[in-house]
Amino acid sequence: MLNGWPAGAGLGTMSKYKSDTNGTRKAHSAFVAFGFVVLSVIALLLPDTSQDEVASLLRDSVLRPFIFTQEVLGRRSIHAEDTEDLQARLDSLVAMIANSSTLLEENARLRRLLDLSGRNPDRYVPASVIRAGMPGSESMFLLDVGSDQGVTRDSPVITDRGYLLGVVRRAGATSATGRDWTHPQFRASAMTEDGSVTGLVRAAPGGFRGADLMLLDGVPFQQELRPGVVLVTNGLGVYPRGIRLGVVIEESDKQEGWNRSYLVRPFVSPGEAAHVLVLMPEEPDFLDANLRSEEGPMVPEQAAPEEPAQGIADFGARRPR
Amino acid sequence: MKTPARIWGVVGLLILLHFGLHVSLGFGEGAPDLLAVGLLIGAREVGMGRAAGFGFVLGLLEDAFSVLAFGANTFALTLVGMGGAGTRDFFVGDSLFFVMSYLVLGKWARDLLHWVALGEGLREPFVDTVLIQSPISAVYAGVIGLVVIAISGLGWETVR
């Protein structure tokens, strides 16, 4: 033992020093420690589902008070949001709805002309985002809604301004875990707003977390994008069509073969999202039922949309089909 | 006055504060790693096996919020707890310098082990993470640890 890491090690404290002087006891202690190291390695190698179950169990038990506190504080901060800002957003929405009333009528008329059935209403669940702020939790968020509210795995999550935040990875009864677009496994099929160029968007880690960007891959070499072009989801995969992703900044040097890649500045920084909307899954019965067959409708005439459940509302405007 | 009740009371308070700051208040990296500080203080008071178990439990709690690499925090804190208890056989420290060095190196080792356990696909660059960000957060945690030890009345000899 090296006594006295330097001068401060007084003799007075030496008598208080406790150690595993008994050889057997020390060996036993080392054996137990080794056992815990092995257990930690096992935890690291557990399958994803088992890891999720353990994590979920801990979050719903001993850590629940901390999560609940953030939920409460998060709701209060949302309620305390600047009312002028909310009023401005409400005004712009009202103006948008007023301008689109003629479009709705026109759309309905064209659908009748083309003999298309009405679209089924899309829905969402409002939720608060909880972030843990722990090492390793950077791309993860918790939601205060779960399967009781209709949230399922792979439900897309968008911000209150309609920008893509991420996707639900696991849905419990009253809470859910999601991962945002900075996750290394994030992928979203994307296109320009006019649909002329398509590609695949993934995270492009920056030098530090705040500098993370998106990378648009797989753009054909003959198609070129200018900075400032807005990208939206194209409806392939779990994300519905038309969710805004970000703006093209510049061409990336990570191009492969005859494809171009572009760096994209995302519309939303994950840390800023506090209030989000979880998009509900589409009713399977209606997935392929938008088109009527020549003999008549493939499905019975769709009844008037049901009254939305509590916390669930129509979300038609954001999901053009 | 240093008593086991006071030491473990302070350690418990650090753990509560850690989750309170990181989870309840959502401070993220702005808040110090009080879990590592609590573990390092507690590890000097028990044997290697218990310290490793203590680190294992704390790591699991932290990994409950980890979606990138579940188990990385558990692995790191288990080894840090084990190492912290092991230092009793090499150093009898009751000086300010020892306490600061112990806390800073312990926290840095925790970050290094976490980086190693993350795996290649998830790691950020070694220099950025382990050589730049980690030493800063280690000094931050060390200073906060010193303040906690001072104001709690444990004295420098607590960590020994």
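Trainee: What should I know before looking at the model?
Mentor: This is a predicted model, in which local features need pLDDT of at least 70, side-chain atom pairs count only at pLDDT 80 or more, and totals for chains, interfaces and linings use all residues. Residues are numbered from 1 along each chain as its sequence is written, while chains are lettered from A and ligands numbered from 1 in the order in which they are written.

Trainee: Which strands make the closed barrel?
Mentor: Six strands of chain A form it, in the order E6-E7-E8-E11-E10-E9, with antiparallel pairing. Two strands pair if DSSP finds at least two bridges between them.

Trainee: How many bridges join E6 to E9?
Mentor: Three bridges link strand E6 (residues 187-192) to strand E9 (residues 230-233) in chain A. In E9(A), A:Thr233 is the bridge partner of A:Ala190.

Trainee: New topic: where is A:Val268?
Mentor: A:Val268 sits in the loop between strand E11 (259-266) and strand E12 (275-279) of chain A.

Trainee: Why does A:Val268 count as buried?
Mentor: A:Val268 counts as buried because it has 21 C-beta neighbours inside 10 Å. A residue is buried if 20 or more other C-beta atoms lie within 10 Å of its own, exposed if 12 or fewer, and partly exposed in between, with C-beta atoms placed from the backbone.

Trainee: And which residues does A:Val268 touch?
Mentor: Leaving out residues up to four places away in sequence, A:Val268 touches A:Thr159, A:Tyr163, A:Leu165 and A:Ala273. Being in contact requires C-beta atoms, placed from the backbone, within 7 Å.

Trainee: Which residues have the most contacts inside the largest nonpolar core?
Mentor: They are A:Leu245 and A:Val278, in a core of 103 residues. Such a core is a set of buried Ala, Val, Leu, Ile, Met, Phe, Trp, Tyr and Cys residues joined through C-beta atoms within 7 Å.

Trainee: Which helix gives the largest share of this core?
Mentor: Helix H5 (residues 96-118) of chain B does, with nine residues.

Trainee: How many residues of chain B are in contact with chain A?
Mentor: 54 residues of chain B are in contact with 53 residues of chain A. On the side of chain B that touches chain A, H3(B) supplies the largest share, 10 residues.

Terms used:
Helices (H or I, at least four residues) and strands (E, at least two) are DSSP runs, numbered from the N terminus. Two residues are in contact if their C-beta atoms, placed from the backbone, lie within 7 Å.
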